[in-house]
Amino acid sequence: MQDRHYPPAPPLVNRVTGIIEPSSAASGSLPLRCAAAILVCLSATALIGCASASRSHTQVTQQSFGKTKEGTGVSLFTLRNAQGAEARISNYGGIVVSLKVPDRDGKFGDVVLGYDSLDDYLTETPYFGALIGRYGNRIARGRFTLDGQTYKLATNNYPNALHGGIKGFDKVVWQPMILASADGPSLKLSYLSKDGEEGYPGNLSVTVVYTLLEDNALRVDYTAVTDKDTVVNLTQHSYFNLAGKGDILGHVVMMPADKFTPVDSTLIPTGELRPVEGTPFDFRHATAIGARINQDDEQLKFGKGYDHNWVFNKQVGEFTRMARVLEPTTGRVLEVFSTEPGLQFYSGNFLDGTLKGKGGWVYQFRNGFCMEPQHFPDSPNQPQFPSVVLKPGQTYKNLIVYKFSVEK
Ligand code: GLA
């Protein structure tokens, strides 16, 4: 199977100022002809939308999504591409609230779990669709040492720290900006995480740009800079169900990873990089999630199923395809690409029928799965893992692409 290469993100045009912003993902200049077309489009349309010279019509609309408990107004943005695919994203937690893509008969359906209302997200969510930071996944016992100083974090997943703490990036209000890019409708979210927030050092300035590409891929570009040495590991926590109903055990997964990081009973990596060969963790050949998930295996017992980090044979920063998932009844296919060295594949083992989601769907055990490209869990305490340290003057970058297609 070939890895698909997406071009660097194009420069983005701020819809309010008309200023072309530097790309969040990489350099590369937009052809002048196209940039001019976008500027014309900006001034010509009152709707928040844009048609570029070389691409068909795409648009972003904004509506209220309610208020946080503190009274801050939050929006819901709808990104639509010319193929009819649609992503609804809130600036509360950067949550992908819904994602509609076609099946093999051209029928559009929502392929992510979540809620209809902001209030439900505020009440209780297992990170449905959210941006995760400052640190995706667990840090053992909520502590790490950097430059000789020990930092203490909330142990919100006792005895460990999980997904950035009590109020991680999934629970903050991001500053939104609708952008027009040559590649499709785009939403930029910015957040300044203050020095000491959730126990992490340094003022961390983060931007995330969601773009709905014309090939029905949702592209997520992350950048972050700090003013003090810190640790960063950002990811995306959408729960997918490509059938839009039922459990995910029939989804067929392929991951070209020959190792994974086994965990202890609290889901902290032991430090070993274990070959997948001969284990239920070998997805190098496409295999149904349910085929081996209930096997008598210590690692599956610790995770209550799959809740592990797969390790890919690549350079950190190399953009590769990390997973392909087929849902055979609808023909929908999800491919996950990223620059990250690891992928947390979580089979929704903590869903237990207590949360009622969109359209009244009660989310039962393993009704959704997550594919979270990331650096390895607990890296701040495991120096043999790729480094998650970010220093002043450096720019953290991470590119994740979730691409949808169909198999006939
Ligand atoms: C991640 C973790 C899981 C779980 C979910 C959220 O995927 O690895 O153990 O915490 O998030 O419920």
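I count a residue as near a molecule if one of its heavy atoms lies within 4 Å of it. The model is predicted, so I keep to its rules: local features need pLDDT of at least 70, side-chain atom pairs need 80 or more, and totals for chains, interfaces and linings use all residues. Numbering runs from 1 along each chain as its sequence is written, and side-chain values use heavy atoms, without hydrogens or water.

**Entry 1: the ligand**

I looked up the ligand's surroundings and found 14 residues. The closest are Arg138, His163, His237, Asp307 and Glu372. I then checked polar contacts (here, pairs of N or O atoms within 3.5 Å). Asp307 has a polar side-chain atom 2.3 Å from a ligand oxygen. For His237 the distance to a ligand oxygen is 2.8 Å. For the side chain of Asn137 I read 2.9 Å.

**Entry 2: a ring pair**

I turned to aromatic rings of Phe, Tyr and Trp (its six-membered ring), which pair if their centres lie within 6.5 Å; planes under 30 degrees apart are stacked, over 60 edge-to-face, the rest tilted. The count is 29 aromatic pairs. Why is the pair of Tyr306 and Phe345 stacked? The ring centres are 5.4 Å apart and the planes meet at 25°, so the pair counts as stacked.

**Entry 3: Phe345 again**

I checked burial (buried is under 20% relative accessible area, exposed over 50%, partly exposed in between; 1.4 Å probe, protein chains only). Phe345 is buried, at 0% relative accessibility. Phe345 also pairs edge-to-face with Phe369, at 6.5 Å between centres and 75° between planes. Phe369 is buried too.

Methods
Polar contact = N/O pair within 3.5 Å; in protein donor to acceptor, adjacent residues only side chain to side chain.
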